[in-house]
Amino acid sequence: MEYDDMLDRGLEETPDIEGNSDRFSLPEPEVRQEGHATVFENFQGACRDLDRDEDHLLKFLQDELGTSAHIDESGRGRFTGEFSERRIRNALETYAERFVLCSECELPDTSIVEEQGAELLQCAACGARSPTSG
Ligand SMILES: [Zn+2]
């Protein structure tokens, strides 16, 4: 029965049988402290990678970090207070899970649509539609 065991394990370790070459990778935030503010250097790049609106991501990060923020003249995200890179990264991860990755197929081929005032995540890959607030 050892062969069967190996087979089972092999299947578990390769759930990605469709072989998506386009796997999602979270943008790495470049974060540094400036006085009592936290600057997200590559904020615009992160928005591009996530294919999301700058204001949308900024608003989410403000809520998530419980602070105020704005986009400065160089296009960087500027947050009031001191936040570690890890904290920002975790917030980005949460954002990606809720607003970028399809809850059905987990591909990032999604867009945000509004229906009757509710925000939905529409997946172009599998056609699933799910509420972003879920
Ligand atoms: Zn999908």
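This is a predicted model: local features need pLDDT of at least 70, side-chain atom pairs count only at pLDDT 80 or more; totals for chains, interfaces and linings use all residues.
Q: What makes E3 and E4 paired strands?
A: Two strands count as paired if there are at least two bridges between them, and three bridges join E3 to E4, residues 77–80, with the two strands running antiparallel. Ile71 stands opposite Gly77 in E4, and His70 stands opposite Arg78. E3 and E4 also form a hairpin with five residues between them, and Gly75 in the turn has a positive phi of about 80 degrees.

Q: How do you know that E2 and E4 pair as well?
A: The requirement is at least two bridges, and E2, residues 37–40, is joined to E4 over four bridges in the antiparallel sense, so the two strands count as a pair. Phe40 has Gly77 of E4 as its bridge partner.

Q: Why is one side of strand E1 and of strand E3 left without a neighbour in the sheet?
A: The open sheet has four strands in the order E1-E2-E4-E3, with antiparallel pairing. E1 (31–34) and E3 (69–71) stand at its edges and each has a single partner strand, so one side of each is left without a neighbour. On average, and with direction ignored, neighbouring strands of this sheet are turned by 25 degrees against each other.

Q: Why are H3 and H4 called oblique to each other?
A: Helix H3, residues 54–65, and helix H4, residues 85–99, pack at an angle of about 120 degrees, with their axes 10 Å apart. Roughly perpendicular covers 65 to 115 degrees and roughly antiparallel begins over 145, and the angle of about 120 degrees is therefore counted as oblique. H3 passes H4 in a right-handed crossing.

Q: Which residues meet where H3 and H4 are in contact?
A: Leu57, Phe60, Leu61, Glu64 and Leu65 in H3 meet Ala91, Thr94 and Tyr95 in H4. The residues of this contact divide into six nonpolar, one polar and one charged.

Q: How many helices and strands does the protein chain have?
A: The secondary structure comes to four helices and seven strands, and from the N terminus on, the elements run α-β-β-α-α-β-β-α-β-β-β.

Conventions
Residues are numbered from 1 along each chain as its sequence is written. Axes are lines fitted to C-alpha atoms, for helices over the stretch in contact, and angles run from 0 to 180 degrees between N-to-C directions. Angles under 35 degrees count as roughly parallel, over 145 as roughly antiparallel, 65 to 115 as roughly perpendicular and the rest as oblique. A crossing is left-handed if the near helix is turned anticlockwise from the far one by less than a right angle, and right-handed if clockwise. Two residues are in contact if their C-beta atoms, placed from the backbone, lie within 7 Å. Ala, Val, Leu, Ile, Met, Phe, Trp, Tyr, Cys and Pro count as nonpolar, Asp, Glu, Lys and Arg as charged, and the others, Gly among them, as polar.
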